[in-house]
Amino acid sequence: MKMNDVTKQHRNLIAGEWVESADVNENRNPANTDEIVGLYARASKDDAARAIAAARAAFPAWSKSGPQQRHDLLKKVSDTIAARAEELGELLAREEGKTFAEAKGEVMRASQVFGFFAGETLRQTGDAIDSVRPGVEVMVQREALGVIGLITPWNFPIAIPAWKIAPALAFGNCVVIKPADLTPGCAWALAEIIHEAGAPEGVFNLVMGRGSEIGAEILDSPEVDAVSFTGSVETGRMVAEKCVAQMKKVQLEMGGKNPLVVLDDADLDTAVNCALNGAFFSTGQRCTASSRLIVTAGIHDRFVAALTEKLNSLKVGDPMDGLVHIGPVVDESQLEQNRRYVKIGQEEGATLVCGGEVIEGATPGHFMTPALFTGTTNEMRINREEIFGPVATVIKVADYDEALRLANDTDFGLSAGICTTNLGHAAHFRRNAEAGMVMVNLPTAGVDYHTPFGGRKGSSYGPREQGQYAREFYTTVKTTYIQA
């Protein structure tokens with residue numbers, strides 16, 4: 001089945017077989033809502049239960065498989081993704097709305113993630129320790145957890161599934177993944193690649209569908225040993241409660257209200273480019289987006305003027321148009337949420353300097369110009385709540401100390417950035433920013449695939465994702481004592 005064949009149902013993958021469903025999801029292009037990207041099966045709770053059972057049955061053999069077998073599978077997946085980067089990038093742009101350049105970059109990130117974890121299968125860790133008791137040896141090793149339920153969001157429809165699937169398989173676990181119902185296409189394509197690369201029956205299972213059915217089955221099933229979730233704070237808290245009640249291991253990546261501090265001594269071009277990229281690219285639909293721009297008084301007016309000029313020059317439109325900088329918002333409900341927050345900001349007394357307008361494109365789609373507010377305070381709702389769209393606010397402060405205090409005054413703690421040429425301020429911010437990731441003279445959005453990803457407070461819960469730190473979640477530690 002061709003992934004771009006809109007006349008056929010793209011089926012779920014359960015126990016090594018493609019399974020059809022009576023319920024079908026029309027995956028539509030947010031840049032042209034008349035265009036159907038594909039028809040994707042919606043699984044039932046029974047389908048999810050069968051996928052979980054298949055993963056459980058496959059676990060004993062897969063967890064004991066040699067590292068070479070797991071390496072070869074992941075390496076083949078990595079190579080195939082890279083070879084199909086153009087095709088997959090177009091699919092991603094059409095179903096999620098990222099510009100083609102960003103979409104292709106995300107596809108290559110997925111390839112790199114699988115390549116990294118192919119290597120991790122061979123970089124095994126463990127310890128042989130002398131006991132405090134004579135004649136006793138101690139061995140410490142890591143083992144696979146079991147069946148892992150993965151629930152992924154719509155904003156990075158191939159990269160986030162990749163950075164959850166790859167470590168899960170690399171360390172010997174079996175997977176049941178439920179991608180976002182809004183963007184199933186990339187997850188389906190990834191499932192096709194993993195299946196054709198030779199994943200044994202039941203090791204990897206794809207169940208597309210509604211969270212209320214599929215997600216609930218994953219959370220409630222006693223056969224699921226751990227759940228990794230990326231999504232909203234509200235849903236994440238519910239996931240945590242259900243998992244803890246059943247003693248499931250749980251990993252959550254949720255929201256962000258990330259600050260970018262701009263000090264008087266910052267290079268203006270660097271600061272503006274960091275804000276532009278971090279706040280508005282990917283249509284602002286990133287949990288690491290720079291939604292709060294905290295700017296000291298001495299540079300404030302010049303920064304706002306330069307950023308506004310840049311924003312007014314951006315082209316919003318079809319993500320497959322190489323001249324477009326910002327694609328559509330992902331769907332109508334997200335567009336309405338963005339519009340609602342623009343209105344809230346105005347009602348709170350903030351000044352809308354530019355943007356925030358819904359515009360028409362050449363085709364019917366969810367297009368909005370990037371919005372910038374000034375004259376805001378950190379107490380406003382637009383500075384407390386995650387908007388998840390191309391909307392940023394400027395908070396004017398007196399000095400670095402006030403900037404740091406406001407940067408940390410949030411319920412979130414994912415990413416924080418600072419633009420400065422002062423090494424002392426950069427070092428102090430790095431140590432004192434209450435965030436899981438700190439960027440100095442870089443956008444708050446944009447991370448490497450071989451380093452840990454995650455935050456503090458309401459942004460994250462559980463072990464970090466990505467890099468070698470992923471081992472903490474996807475394995476369990478066994479200590480063995482041996483009488484010599």
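I started with a charge over a ring: Arg123 lies over the face of Phe116, 5.6 Å from the ring centre. My rule for this is that NZ of Lys or CZ of Arg is within 6 Å of the ring centre and within 35 degrees of the ring normal. I also found Lys98 over the face of Phe156, at 4.0 Å from the ring centre.

Housekeeping: this is a predicted model, so I took local features only at pLDDT of at least 70 and side-chain atom pairs only at pLDDT 80 or more, while totals for chains, interfaces and linings use all residues. Residues are numbered from 1 along each chain as its sequence is written, and side-chain values use heavy atoms, with hydrogens and water left out.

Next, ring pairs. I paired rings of Phe, Tyr and Trp (its six-membered ring) with centres within 6.5 Å, calling planes under 30 degrees apart stacked, over 60 edge-to-face and the rest tilted. I got seven aromatic pairs that way. Phe116 and Tyr449 have ring centres 6.4 Å apart and planes at 75°, so I logged them as edge-to-face. Phe116 is in helix α4 (residues 100-120) and Tyr449 in the loop between β22 (437-440) and β23 (456-457), 333 residues apart. Helices (H or I, at least four residues) and strands (E, at least two) are DSSP runs, numbered from the N terminus.

Buried or exposed? I used under 20% relative accessible area for buried, over 50% for exposed and partly exposed in between (1.4 Å probe, protein chains only). Phe116, at 15%, is buried, and Tyr449, at 26%, is partly exposed.
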